[in-house]
Amino acid sequence: MIQNNKSVNAEQFLPPQVDADFIIQVATADHTHYAQIIVDEMESSAKLRGTGIAKRSPEYIKEKMLEGKAVIALSHDNVWAGFCYIETWGHGEYVANSGLIVSPNFRQSGLAKRIKEKIFELSRKKYPHAKIFGLTTGLAVMKINSDLGYKPVTYSELTNDEEFWKGCRSCVNFDILTAKERKNCLCTAMLYDPAEEEKNKAKNSIKNSEPGKKEDKGLLDFVKNSKLYERWMQIKQHVLLRERKNKGMMHSLRTVLNSLF
């Protein structure tokens, strides 16, 4: 149940990021009147892309704001520009930065990346030991995640919390996910593991301290190679959608046969 008071002192916890165009900050009760606009744009954007998202109500978005688990971007004249929120799974062991959305009026401005950076920073402060993960089909989001330290992983490395997977039911590709026993789908899974990140930092520190040793920058994450990723996604989509089509054809054939005999 939503209460009518501020649940966090957002500015003390994480100061707003102010630049020439936007104010990006932790959302509070002062921003709950933007909830309906945010929900409507989430749904509209998903339909335009032809993909599905876990549908959220304005009440749910307001709750995230009051809990201090959301980031909102506004123009300097208080026009809503973008939003993202935090969800926790497995008793706080896993965190997802969900619902990233930018108003059509402010797209192609680099705002999505700034919001992702802010929500990632908030997640690390609130849940410093949690693994942060995401599922996405968007190349732009994957590039941002990669820059933040996320790595592509298999679905088995994500949370097994049933409440998370229930959120996929509203996606147009849910039947693919189900048919694959939650092991694969059109989305790509990415994960930031703070423990692994610390190990890598320590390893790189040792390497760089050795004479003649430099950090290896020769490995190029496939996410940052646009053409490679796009080709891989086309192949993945072709295979999975073909399997769904074949499954539908077999179901229709069985229906016809049953009616005849």
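**Aromatic pairs, strand pairing and burial in a predicted model**

At a relative accessibility of 2%, Phe133 counts as buried, the term denoting under 20% relative accessible area, with exposed denoting over 50% and partly exposed the range in between (1.4 Å probe, protein chains only). The structure is a predicted model, in which local features need pLDDT of at least 70 and side-chain atom pairs count only at pLDDT 80 or more, whereas totals for chains, interfaces and linings use all residues. Residues are numbered from 1 along each chain as its sequence is written, and side-chain values use heavy atoms, with hydrogens and water left out.

The chain contains 9 helices and 8 strands; these are DSSP runs numbered from the N terminus, helices being H or I with at least four residues and strands E with at least two. Of its 261 residues, 37% count as buried. The accessible surface of the chain comes to about 15,400 Å², and carbon and sulfur atoms account for 53% of that area; the areas come from the Shrake-Rupley method with a 1.4 Å probe, and for residues only the protein chains shown count as cover. Among contacts (heavy atoms within 4.5 Å) between residues at least 6 apart in sequence, 70% join residues at least 24 apart.

A pair of aromatic rings is described by the distance of the centres and the angle of the planes. Rings of Phe, Tyr and Trp (its six-membered ring) are paired if their centres lie within 6.5 Å, and planes under 30 degrees apart count as stacked, over 60 as edge-to-face and the rest as tilted. The structure holds 11 such aromatic pairs. In one of them, Phe83 and Tyr85 have ring centres 6.2 Å apart and planes at 40°, so the pair is tilted; both residues are buried. Phe133 and Phe164 form an edge-to-face pair, with 5.0 Å from centre to centre and 75° between the planes. This pair links distant parts of the chain, since Phe133 lies in strand 6 (residues 131-136) and Phe164 in helix 6 (residues 162-166), 31 residues apart. Phe164 is buried, with a relative accessible area of 11%. Phe133 and Phe164 also belong to one aromatic cluster together with Trp89, Tyr94, Tyr155 and Trp165. Elsewhere, the charged end of Arg56 sits over the ring of Tyr60, 4.6 Å from its centre; the criterion is NZ of Lys or CZ of Arg within 6 Å of the ring centre and within 35 degrees of the ring normal.

Strand 6 pairs with strand 8 in the antiparallel sense over 5 bridges, pairing being assigned if DSSP finds at least two bridges between two strands. Strand 7 (residues 151-153) also pairs with strand 8 in the antiparallel sense, over 3 bridges. Ala189 of strand 8 is the bridge partner of Leu135 and likewise that of Val153. In strand 8 (residues 188-192), 5 of 5 residues are buried. Thr188, Met190 and Tyr192 point one way from this strand, and Ala189 and Leu191 the other way.

Helix 4 (residues 111-126) has 16 residues and should span 22 Å at 1.5 Å a residue, which agrees with the 23 Å between its end C-alpha atoms; the expected span is 1.5 Å times one less than the number of residues. Its buried residues include Leu111, Ile115, Ile119 and Phe120.

His31 occupies the loop between strand 2 (22-26) and helix 2 (35-49) and is buried, with a relative accessible area of 8%. Leaving aside neighbours within four places in sequence, His31 is in contact with Gln25, Val26, Met65, Ile72 and Leu74.
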